[in-house]
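Please look at the model below, first as a whole and then around its ligand.

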Amino acid sequence: MPLLVARAALATRSPLSLSPPRSTHKSHMSCACVSSQSRQSVVFSISVLLLLFSAACRQDMHDQPKYKPFRPSDFFADGRSARPLVQGTVARGTLREDAVYYTGKVGSDFVKEIPVKVTAEFLARGQTGFQVFCSPCHGRTGRGDGMVVQRGFKKPPSYHIERLRHVPIGYFYDVITNGFGAMSDYAAQVPPADRWAIAAYVRTLQYSQYAPVADVPPDKQPELERSLATAPAPGQEHRQ
Ligand code: HEC
């Protein structure tokens, strides 16, 4: 049995066979050792070869019935050998069980509370995303006066109008995911985590225009008063 031969050969190999070749000025003894070592390795190689030959005798895998890519099939009604994925198949890493997180909805209602923890870093991330993907049309303050609009694209409504100030946060997530009217969706460009960050930032922009004076820290209030004295009157949208 070739396997047994191989085992026997392995068992008789001395640990010396793993050490580097010895230099020629070593004693007579070590020369004898090298020759017995080489005998062992011949036996070992032959047994490995025998093992390989005995393993490769059968062609079953090669000859079995199979379809080559794009080959037609008589078996399936649509004539194609390549089959679609079974319904409900989930590719590794793409399970989206958390419907609230991935759709911004509970059933058909938009969620009112953001389903992630909001931190300063998260909002900063949203600000970056907003400025990259949304401000070209919506403008940096969300008034719908971005450069693309100034060059002729449809003007979106300001985020500061009454209606949009009161939509649930899930609505912003949904508009980014599915688009809205003339606005295409940003699902391919903006992954879900960043969509929530942008939605949170849109809320922050809205808050920035309507925050009550009481929300300003007391030590900053005199500064606010000074800046309000010189600020222009609120725009038309504030009365919509
Ligand atoms: C290419 C220009 C463009 C970009 C970029 C863009 N939008 Fe819009 N957006 C629009 C236009 C135009 C509308 C109005 C569409 C309509 O009424 O047909 C709109 C509408 C909206 C609305 C309001 C929907 C409503 O109910 O009136 C929201 C919210 C919104 N966009 C969010 C975003 C966010 C968030 C981004 C960035 C991820 C973004 N948009 C990027 C053009 C754009």
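Which of the 21 residues around the ligand come nearest? They are Cys134, Cys137, Pro156, Gly181 and Met183; a residue is near a molecule or strand if its C-beta atom, placed from the backbone, lies within 6 Å of it. Two or more residues of this shell are given by each of helix H6 (135-138), helix H9 (169-178) and helix H10 (192-210). Helices (H or I, at least four residues) and strands (E, at least two) are DSSP runs, numbered from the N terminus. By class, the shell holds 18 nonpolar, two polar and one charged residues, where Ala, Val, Leu, Ile, Met, Phe, Trp, Tyr, Cys and Pro count as nonpolar, Asp, Glu, Lys and Arg as charged, and the others, Gly among them, as polar.

This is a predicted model, in which local features need pLDDT of at least 70, side-chain atom pairs count only at pLDDT 80 or more, and totals for chains, interfaces and linings use all residues. Residues are numbered from 1 along each chain as its sequence is written.

Helix H5 covers residues 120-133. Its 14 residues should span 20 Å at 1.5 Å a residue, and the end C-alpha atoms are 20 Å apart, which agrees; the expected span is 1.5 Å times one less than the number of residues. Within H5, Gly126, Gly129 and Phe130 are buried (20 or more other C-beta atoms within 10 Å of the residue's own; exposed means 12 or fewer, partly exposed in between, with C-beta atoms placed from the backbone). Seen down the axis of H5, the buried residues fall within an arc of 100°, so they line one face of the helix; the arc is that of the directions from the helix axis to the C-beta atoms. H6 and H10 are included in what covers them, contact meaning C-beta atoms, placed from the backbone, within 7 Å.

The face of H5 turned away from the buried side carries the exposed residues Ala120, Glu121 and Ala124. Ala124 is exposed because it has 12 other C-beta atoms within 10 Å. Its C-alpha atom is separated by 9.2 Å from that of Ile198, 74 residues apart along the chain.

The protein has 11 helices and two strands, and 14% of its 240 residues count as buried. Its mean pLDDT (the predictor's confidence in each residue, from 0 to 100) is 84, with 80% of residues at 70 or more. Over residues 1-31 the pLDDT is below 50. Where pLDDT is low, the predicted coordinates should not be read in detail.

Note on methods
Contact = placed C-beta atoms within 7 Å.
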